[in-house]
Amino acid sequence: MRRLGPWPPLALALLVAGILAPALSGRATFFYRDVHWVWYPWFESLARGLAEGAWPLWDPHPGFGQPALANPAYQVAYPLAWPAWVLPGHAAYALYVFAHLLLAGTGAARLLRGWGTGRLAATAGAALWILSGPLLSFHSLHHHFAGLCFMPWVLVAVERALGEPERWGGWRLGVLLGLQLLAGSADMVVMTGLAVGL
C-alpha cells in the first residue's frame, strides 16, 4: 500500500474548512430536512437526559417515548456522534459534517493511492469526491451520510485484508466495518458490499 503522506490530508482539511466556514464559525447553521426535524431533537433529548444523569437509551419526548438504543439512526454507540451530547447543536452538527467530509476525502485519497495514482492525483480525486453533489447532498441525512463517508475506508481495508491476510488486515476491516455499521445506515453497508463485490 502506497503511503499518502502528511500534506494531502492537510490540504483536504483546508478544503473542507473552506466550504464549511460559515457553519464552523457560527455564522450559519445546518437545518435542512432531517437535520432540523430529526437530528437536533433526538440529540437534544439525549443530551438533556445525560445532563440529568440518565443513560442515552430512551428518548422520552416523542409520543410516549421510544428506545434510542434500538434505533440505529440515534447513533448511541457511534463515537463520532457523541460530541452532540455536550456541544450546542449547531456546533456539534458542523463538527460532525466536517469530520465526516474529511474522513471521506482522506479515505478516497488513500484508496486512489492504493490504486497506483500519485499524491497530487489522489488529492485531486479526493477533493472532487468531497465537492461532489452525491456526497454533499447526503449531509442532511446524518446516518446515511456517515455510512457513505466510511465507504472508501472499508474498500481500502478490504484490499489490505486481501493483500495481507496474516497481518492486521482483518482487524482493520473489522473496526472500519463496525464503525460503518454503528453509523446506523444498513443500506450504505449493503452498497459498500456491492462495491466490494465489483
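Reader: At what angle do helix 1 and helix 4 pack, and how far apart are their axes?

Author: In this predicted model, in which local features need pLDDT of at least 70, side-chain atom pairs count only at pLDDT 80 or more, and totals for chains, interfaces and linings use all residues, the angle is about 145 degrees and the axes are 9 Å apart. Residues are numbered from 1 along each chain as its sequence is written, and side-chain values use heavy atoms, with hydrogens and water left out. Axes are lines fitted to C-alpha atoms, for helices over the stretch in contact, and angles run from 0 to 180 degrees between N-to-C directions. Helices are DSSP runs of H or I with at least four residues, numbered from the N terminus.

Reader: Which residues of helix 1 and helix 4 meet?

Author: P9, L12, A13, V16, A17 and I19 in helix 1 meet F98, L101, L102, G105, T106 and A109 in helix 4; contact means heavy atoms within 4.5 Å. By class, this contact has ten nonpolar, two polar and no charged residues. Ala, Val, Leu, Ile, Met, Phe, Trp, Tyr, Cys and Pro count as nonpolar, Asp, Glu, Lys and Arg as charged, and the others, Gly among them, as polar.

Reader: Why is S185 called buried?

Author: S185 has 2% relative accessibility and therefore counts as buried, since the term means under 20% relative accessible area (1.4 Å probe, protein chains only). S185 is found in the loop between helix 8 (169-182) and helix 9 (186-197).

Reader: What makes the pairing of the S185 and H144 side chains a polar contact?

Author: The distance is 2.8 Å, and a polar contact is a pair of N or O atoms within 3.5 Å; within protein, one must be able to donate a hydrogen and the other to accept it, and residues adjacent in sequence count only if both atoms are side-chain atoms. The S185 side chain also makes a polar contact of 2.4 Å with the side chain of D187. Leaving aside neighbours within four places in sequence, S185 is in contact with H143 and H144.

Reader: Why is H142 called buried?

Author: The relative accessible area of H142 is 1%, and so H142 is buried. H142 has its place in helix 7. A polar atom of the H142 side chain lies 2.7 Å from the backbone oxygen of A73.

Reader: Which residues does H142 touch, not counting those up to four places away in sequence?

Author: H142 touches V38, W39, W42, A73, Q75, Y93 and Y96.

Methods. Helix = DSSP H or I, 4+ residues; strand = E, 2+ residues; numbered from the N terminus. Buried < 20%, exposed > 50% of the residue type's maximum accessible area, 1.4 Å probe, protein only.
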